[in-house]
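Let's walk through this model together, one set of contacts at a time. Keep the viewer open as you read.

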Amino acid sequence: MIINTPPVFSAADYQYMSLALREAAKGLYGTSPNPRVGCVIVKDGNIVGYGAHLRAGEPHAEVHALRMAGEHAAGADAYVTLEPCSHFGRTPPCADAVVKAGVKRVVTAMQDPNPLVAGNGLRRLAEHGIEVASGLLEHEAKVLNTGFISRMTRQRPWVRSKIAASLDGKTGLNNGESKWITSPDARQHVQQWRAQSCAILTGVGTILADDPLLTVRDIDLLQKRHGVQPWRIIVDSQLRTPPSAAILQAGRVVIVHAVRLPEQERALQGAGAELLALPGEGGRVDLTAMLHGLAQRQINEVMVEAGALLNGGLLNAGLVDELLLYYAPILLGGDARNMFAMAELQSMQQKIQLQTLDTRQVGVDWFIRAKPVM
């Protein structure tokens, strides 16, 4: 429930919330599984404190801002990109810290979708006589936390499929050769998406063909992740992943499979992999159950780097939230590999419509970020 939402916010309110969102963005790569949150505290038109949540288990944005503000927090306005928490987790409730500091007004961009909070933080503030308002730059705050919101409201992560292709929509030659379609600039751009993802999802076909690591290689980005690599998830129905695969050497790997092969399971577990059996129809992995399982592991955002089979399976199941498409200025011809394995359409009414979210040039390549309209 939104509490005491005013019909109009002032220009100053927009300015300070914009600054709070900028603070929140500092946690883009490192707050998982927590949301990205920023806070700005203002008194008599002056910013007296600001802060961001940077890592799970460490102080939240409000605590950093209140510490900076000190005694100036009393009678001040606090701008927070997410409703202050009202429950004990790894840290005490931020709502209690705000009350104790004597803040007179709290403006939030959005309410917390976590059922443990969900309006209770704002309610607690209001019960202590603090003026509260919510909904300022709500869209921007939600974009910053699409994965967290997805996990809390849909019980599955936000899924982005990254595909590098030629201008005629081909991802590699028919003989399997695919390195490199796009430029070094595009591959560096991909590193940013990897770094903000909680997990990288691929298929066993990619493992067998390319033996990739699928890690964040950019040192600066990895430092922003506090040195922690994303989980790597392999969809491998028949457990064909070799125990010697390079991806297993970097740790934090989950292999999702459909069949039970005890000897292969022991070998893969001995190589450091975790196994998750989720059989679906036709001897394949149940992709929907897999995403729910990842949500239970507190994974907010998943980036798919796979071939046509897995990309097509996820798209056909309505499980792709965004497409990250990198198009190189080359042509590979009609017999080359496609982006998606999809059944032939019998009518234009069956087409999948895309909503373009972003288009830009990256080096010599073109990047299109789009959302399937289901």
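Which charged end sits over the ring of Trp 231? That would be Arg 297, whose charged end is 5.7 Å from the ring centre. Here a charge counts as sitting over a ring if NZ of Lys or CZ of Arg is within 6 Å of the ring centre and within 35 degrees of the ring normal.

A few ground rules before we go on. This is a predicted model, where local features need pLDDT of at least 70 and side-chain atom pairs count only at pLDDT 80 or more, while totals for chains, interfaces and linings use all residues. Residues are numbered from 1 along each chain as its sequence is written, and side-chain values use heavy atoms, with hydrogens and water left out.

Now find strand E13, residues 322-328 (helices, H or I, of at least four residues and strands, E, of at least two are DSSP runs, numbered from the N terminus). Seven of its seven residues are buried, where buried means under 20% relative accessible area, exposed over 50% and partly exposed in between, using a 1.4 Å probe and protein chains only. Glu 322, Leu 324, Tyr 326 and Ala 328 point one way, and Leu 323, Leu 325 and Tyr 327 point the other.

What does E13 pair with? Strand E6 (residues 158-166) runs parallel to E13, with seven bridges; strands pair if DSSP finds at least two bridges between them. Along this pairing, Ala 164 has Tyr 326 as its bridge partner. Strand E16 (residues 365-373) pairs with E13 in the antiparallel sense over five bridges, and there Leu 323 stands opposite Ala 370.

Tyr 326 also takes part in an aromatic cluster with Trp 193 and Phe 367. The whole structure holds three aromatic pairs, meaning rings of Phe, Tyr and Trp (its six-membered ring) with centres within 6.5 Å; planes under 30 degrees apart count as stacked, over 60 as edge-to-face and the rest as tilted. One of them is Tyr 16 with Tyr 79, a tilted pair at 5.4 Å centre to centre and 45° between the planes. Because Tyr 16 belongs to helix H1 (residues 11-24) and Tyr 79 to strand E3 (residues 77-80), this pair ties together parts 63 residues apart in sequence. Tyr 16 is buried at 10% relative accessible area, and Tyr 79 is buried at 2%. Tyr 326 and Phe 367 are tilted too, because their ring centres are 4.8 Å apart and their planes at 35°. That pair links E13 to E16, 41 residues apart.

On to the charges. Side chains of opposite charge can pair when their charged atoms come close. There are 17 salt bridges in the whole structure, each a side-chain nitrogen of Lys or Arg within 4 Å of a carboxyl oxygen of Asp or Glu. In one of them, Arg 154 meets Asp 321, with the closest N and O atoms 3.0 Å apart. Arg 154 is in helix H6 (residues 146-154) and Asp 321 in the loop between helix H12 (308-316) and E13, so this bridge ties together parts 167 residues apart in sequence. Arg 154 is partly exposed at 29%, whereas Asp 321 is buried at 7%.

Glu 305 forms a salt bridge with Lys 162 at 3.6 Å, N to O, and another with Arg 194 at 2.6 Å.
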